[in-house]
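Reader: I am new to reading protein structures, and I would like to go through one slowly. Could you take my questions one at a time?

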Amino acid sequence: MFKSVRFKLTVWYALTLSVTLSLFSVLVYNNLQKTLYENMDRLLEFRAEGLADAVEAYLETEEIETGRVPKASSKSGTFFKVTQSLLNGDVYDPKFAAIEVKITDAGGIILASSPGAANAPEIPEGTLNEAVRGEAAYDTIKAPDSQDKESVYRSYTTPVLKDGETVYLIQASRPLYQTEFALNNLRTMMAVLVPLIVLFTGAAGMIFARVALKPVHGMIKTIRQISAENLSLRIPAPDTRDEIRDLASMFNDMLSRLEGSFLSQKRFIQDASHELKTPLTILKGELEVALKKARSEPEYTSILQSNLEETNKISRLVENLLTLAKFDNREIPLDISPVNLNQVLESLASDMVQVAEKKRIKLALKLAPGLPEIKADAGQLRRAFLNILDNAVKYSDEGGTVIMSSAIAGAGVLVMFSDTGRGIAPKDLPHVFERFYRADSSRSTEGFGLGLAITKSILDAHGAAIIVKSEPLKGSSFSVSFPGQDIG
């Protein structure tokens, strides 16, 4: 199970989800933490600066009305009452309820404080010095609470200025236990929920992967039944439009090709055996006859000549088979060079003219002037064209005509071989390039049925296409087209 695709997919999915959720949790936590502290700092600053502005306004008003700056001489004095009323003014405001405010002199001695500020931390010495210089500052301070337990406070200290000098200090502070409690709850929730979500989705992923890969198990079961003797079996493709259906279709296509290759190989072996059997049987029979009794020199000469003919047939057959095998394995290197197809066709016509004249067949050339050269192996192309031309002459009746023509077709070059022979039956037309295939009408002629197969292999190696058209008793036409990229 641990090596299965289903398990691996689940593990990778769970790991990806774990990393994603962990990163998401960290981002959410950090963003919330930053937001909470920024909001707290803004509230502390807003509260302290508001009081500082109010005290400064009071001092200026009193100085204008009385001609002197009021000082906090005692808790019964006017300054104490005014500042205390300012401190008590926002007690019932929800956003300021938890904020503790103290007003001190420049030395840090408390002059007035909001209700509940008894546990508020003292102003640190460094902050006190900064405030005296007229600078506000934030602090995170640890101080004992009402239960003598250490609490953490966030504070903001700002000066009250008069004529550019610090006369009072205002400290707004708030305990962080509510914020830390919320953050701790969030951390705990994330620490519990993230693993649970990963486990749940992992289990669900295992189930979904099993359902998704169920067709694969059916495919494996069918594949195990397929062998060389049972290549007709096909994998049932699921009724979906996904990659598994594509895989099944591709595998079935591969099986079809393999089945065709096996059948072709089997037929090839049978046909090759059949073609070799006849000359070998003749050789054996003639040798057995020669050995039964003494023969005259002319008789031995006749037997040896017959044996030589059969041996030559076997040699040609083996040579053709080796050629096809080498083309199949791409073992025949092509000697590529610029080739003028018109010259190749003219040379073929010159070589075949005597063979054609014996059957009173007319060879005609219709060559396009200015035909561009192509990059090809001239020797192999000549062999391919010779096989087509030889068949055209062989299967044409006396007095017929064979036409070889060339033309420029778009960006490529086209070569055609047309004859007025007996033609090819429609049922035989799709098989003319198969090895050892011979139509019923050509069984009486010499040959092994390998010529057009070799021609097809040569043209395929050159990237050329060959098309055959034929009508019984009206002749055949072979068209060979070379694509534009082969033009030199």
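Author: Let us begin with a definition: an axis is a line fitted to C-alpha atoms, for helices over the stretch in contact, and the angle between two N-to-C directions runs from 0 to 180 degrees. Please also keep in mind that this is a predicted model.

Reader: How many helices and strands does the protein chain have?
Author: The protein chain is 488 residues long, and buried residues make up 36% of them. Along this chain, the secondary structure amounts to ten helices and twelve strands.

Reader: Are helices α8 and α9 parallel, antiparallel, perpendicular or oblique to each other?
Author: Helix α8 covers residues 341–358 and helix α9 covers residues 378–394, and the two pack with their axes 10 Å apart at an angle of about 40°. Angles under 35 degrees count as roughly parallel, and 65 to 115 as roughly perpendicular. The two helices, α8 and α9, are therefore described as oblique.

Reader: How many nonpolar residues are there in the contact of α8 with α9?
Author: On the α8 side the contact includes Leu341, Val344 and Leu345, and these belong to a group that meets residues of α9, among them Leu381, Phe385 and Val393. Divided by class, the residues of this contact comprise one polar, three charged and, as the number you asked for, twelve nonpolar.

Reader: Is the crossing of α1 and α4 left-handed or right-handed?
Author: The contact of α1 with α4 holds 19 nonpolar, nine polar and four charged residues by class. As for its handedness, the crossing in which α1 passes α4 is right-handed.

Reader: Is Leu287 buried, partly exposed or exposed?
Author: Leu287 is found in helix α6, which runs over residues 243–292. A residue is buried under 20% relative accessible area and exposed over 50%. Because its relative accessibility is 43%, Leu287 counts as partly exposed.

Reader: What is the distance in space between Leu287 and Ile303, C-alpha to C-alpha?
Author: In sequence, Leu287 and Ile303 are 16 residues apart. In space, taken from C-alpha to C-alpha, the distance between Leu287 and Ile303 is 7.7 Å.

Methods: Residues numbered from 1 in each chain as written. Predicted model: local features only at pLDDT ≥ 70, side-chain atom pairs only at ≥ 80, totals over all residues. Heavy atoms only, no water. Helix = DSSP H or I, 4+ residues; strand = E, 2+ residues; numbered from the N terminus. Parallel < 35°, antiparallel > 145°, perpendicular 65-115°, else oblique. Contact = heavy atoms within 4.5 Å. Nonpolar A, V, L, I, M, F, W, Y, C, P; charged D, E, K, R; others polar. Buried < 20%, exposed > 50% of the residue type's maximum accessible area, 1.4 Å probe, protein only. Left-handed = near helix turned anticlockwise from the far one by under 90°.
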